[in-house]
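User: Hi! I have a structure open and would like to know what stands behind the words used to describe it. Could you go through it with me?

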Amino acid sequence: MKAQKIEYLHISTLLAFILIPLGGLTTDIYIPSLPAMAGDLSVSVQQVQLSLLLFMVSSGLSQLFIGSILDSFGRYRINLFALIVFSIASFIIALVPDIGVIYVMRIIQGITVSLIIVGKRAFFVDMYSGEKLKHYTSLFSIVWATAPIVAPFIGGYLQVTFGWQSNLSFGLFDSICPIFRVQIYR
């Protein structure tokens, strides 16, 4: 297991806050695009809505056992792997015009988002205590709650300006940026 260098704790904390809203963004950013997606894919809006349900169910169910996996194998490599897989799934959804493939990719996204979010929640508990933990937990709640509120506005703008695939590119950008930033460990 890797140990966090204390002098770089602020960088890891910032990265954790960047990744926390990933679940809310992934769920809600493409809601304004559901009709356009249905039209482009030649399916009903209900079939596209099913992709949201599959994402939420896979994310919720996977959280039941992900904590044990992260505790057993460590968070760093699993989070890095989850970010990469999430990014690939987003890319595939944007490029492949098949609702069946989108369903599978949304299930994969749900599982990977759970890996990321559960790991980041545990990060705060592991690294902070007392008043700092209370402070960061409050900020965590604010960031977590803001993403589902802001995401449809961002998604609507992207939909009108660039098309529904751009919503997935935004989620891809949000997830892939931390991959290229350095988390400093011993």
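User: At what angle do helix 6 and helix 7 pack, and how far apart are their axes?

Analyst: Helix 6 (residues 99-127) and helix 7 (residues 130-162) pack at an angle of about 155°, with axes 9 Å apart. Helices here are DSSP runs (H or I, at least four residues), numbered from the N terminus. This is a predicted model, where local features need pLDDT of at least 70 and side-chain atom pairs count only at pLDDT 80 or more, while totals for chains, interfaces and linings use all residues. Residues are numbered from 1 along each chain as its sequence is written, and side-chain values use heavy atoms, with hydrogens and water left out.

User: Why is helix 6 called roughly antiparallel to helix 7?

Analyst: Angles over 145 degrees count as roughly antiparallel (under 35 is roughly parallel, 65 to 115 roughly perpendicular, the rest oblique). The angle is about 155°, so helix 6 is roughly antiparallel to helix 7.

User: Which residues make the contact?

Analyst: With contact meaning heavy atoms within 4.5 Å, helix 6 brings Ile117, Arg121, Phe124 and Val125, and helix 7 brings Leu133, Tyr136, Phe140 and Trp144.

User: What makes the pair of Phe17 and Phe124 tilted?

Analyst: Ring centres of Phe, Tyr and Trp (its six-membered ring) must lie within 6.5 Å to pair; planes under 30 degrees apart are stacked, over 60 edge-to-face, and the rest tilted. The centres of Phe17 and Phe124 are 5.0 Å apart and their planes are at 50°, so the pair is tilted. Phe17 lies in helix 1 (residues 9-19) and Phe124 in helix 6, so the pair ties together parts that are 107 residues apart in sequence.

User: And why is the pair of Phe140 and Trp144 called stacked?

Analyst: The planes of Phe140 and Trp144 are at 15°, with the centres 6.2 Å apart, so this pair is stacked. Both residues lie in helix 7, 4 residues apart, about one turn of the helix.

User: What is the phi of Ser42, and where does Ser42 lie?

Analyst: Phi of Ser42 is near 60°, a positive value in a residue other than glycine. Ser42 lies in the loop between helix 3 (34-41) and helix 4 (45-73).

Note on methods:
Axes fitted to C-alpha atoms, helices over the stretch in contact; angles between N-to-C directions. Helix = DSSP H or I, 4+ residues; strand = E, 2+ residues; numbered from the N terminus.
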